[in-house]
Amino acid sequence: MRTFSIFFNTIRSMSLKKIMRLLSLVLPHPLFSLLSFHATLQAYSIAQKKFPKTASTNGIGNAFRHALWCCFIMMYCCKISSPEKALAFCKRMTDLHEELFPNKPLETKMDLHNNKFGMDYFMELLPGIHRQFFEKSFFIDGLEKKMKTAKILKNLDDDFDGFLVYLDEK
């Protein structure tokens with residue numbers, strides 16, 4: 001019930017233009033949209049349990065959550081379609097999220113970077129495992145290992161391709 005109220009309040013707070021942008025993405029892809037919503041809930045719940053202090057801020061837990069979110073969207077969508085279509089939808093969905101709910105420029109850079117990291121990580125694992133057999137634990141365990149080398153993003157010019165990034169909140 002709490003999830004529904006959060007979802008409803010979020011939609012209610014959006015302008016008509018933003019709602020139309022969202023509908024232009026979700027209506028042509030109803031199954032991808034439902035799977036992405038499920039992925040969102042799953043990633044948020046897992047990140048909150050593992051990183052209760054930083055999953056909803058700009059810390060390391062947020063980096064984990066964004067990368068995991070994209071891995072889950074890709075995993076679920078690949079079960080019903082091709083990896084290429086899943087990747088295109090995931091990119092559009094996560095980019096639109098950042099556009100509809102804007103942050104400060106450094107926060108946006110961090111989120112987009114970690115989203116891309118998650119998509120790249122999924123595609124990196126794809127050749128070794130048939131897409132029908134992916135499990136959530138593959139991504140959770142792998143991203144936790146990758147967090148050990150995460151970098152602190154300090155300015156918009158930083159380029160940490162291949163690493164998770166987060167903001168120092170001290």
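Helices (H or I, at least four residues) and strands (E, at least two) are DSSP runs, numbered from the N terminus. The structure is a predicted model, in which local features need pLDDT of at least 70, side-chain atom pairs count only at pLDDT 80 or more, and totals for chains, interfaces and linings use all residues. Residues are numbered from 1 along each chain as its sequence is written, and side-chain values use heavy atoms, with hydrogens and water left out.

**View 1. The annotated region, residues 24-151**. An unreviewed UniProt entry assigns "domain: DUF6973" to this stretch; such annotations may be inferred rather than shown by experiment, and their positions follow the numbering used here, with feature names shortened. Over residues 24-151 the chain is 73% helix and 1% strand, and the end C-alpha atoms lie 35 Å apart.

**View 2. The largest nonpolar core, with 48 residues**. A nonpolar core is a set of buried Ala, Val, Leu, Ile, Met, Phe, Trp, Tyr and Cys residues joined through side-chain atoms within 4.5 Å; buried means under 20% relative accessible area, exposed over 50%, and partly exposed in between (1.4 Å probe, protein chains only). Phe64, Leu68, Phe72, Phe122, Phe139 and Leu143 touch the most other members. Among the elements that each supply at least two residues of this core are helix 3 (30-50), helix 6 (105-125) and strand 2 (165-166). Helix 4 gives the largest share, 14 residues.

**View 3. The salt bridge between Glu144 and Lys50**. A salt bridge is a side-chain nitrogen of Lys or Arg within 4 Å of a carboxyl oxygen of Asp or Glu. The closest N and O atoms of Glu144 and Lys50 are 3.1 Å apart. This pair links helix 7 to helix 3, across 94 residues of the chain. Glu144 is partly exposed at 28% relative accessibility, as is Lys50 at 37%.

**View 4. The salt bridge between Glu99 and Arg21**. Here the closest N and O atoms are 2.4 Å apart. Because Glu99 lies in helix 5 and Arg21 in helix 2, the pair ties together parts that are 78 residues apart in sequence. Glu99 has a relative accessible area of 42%.
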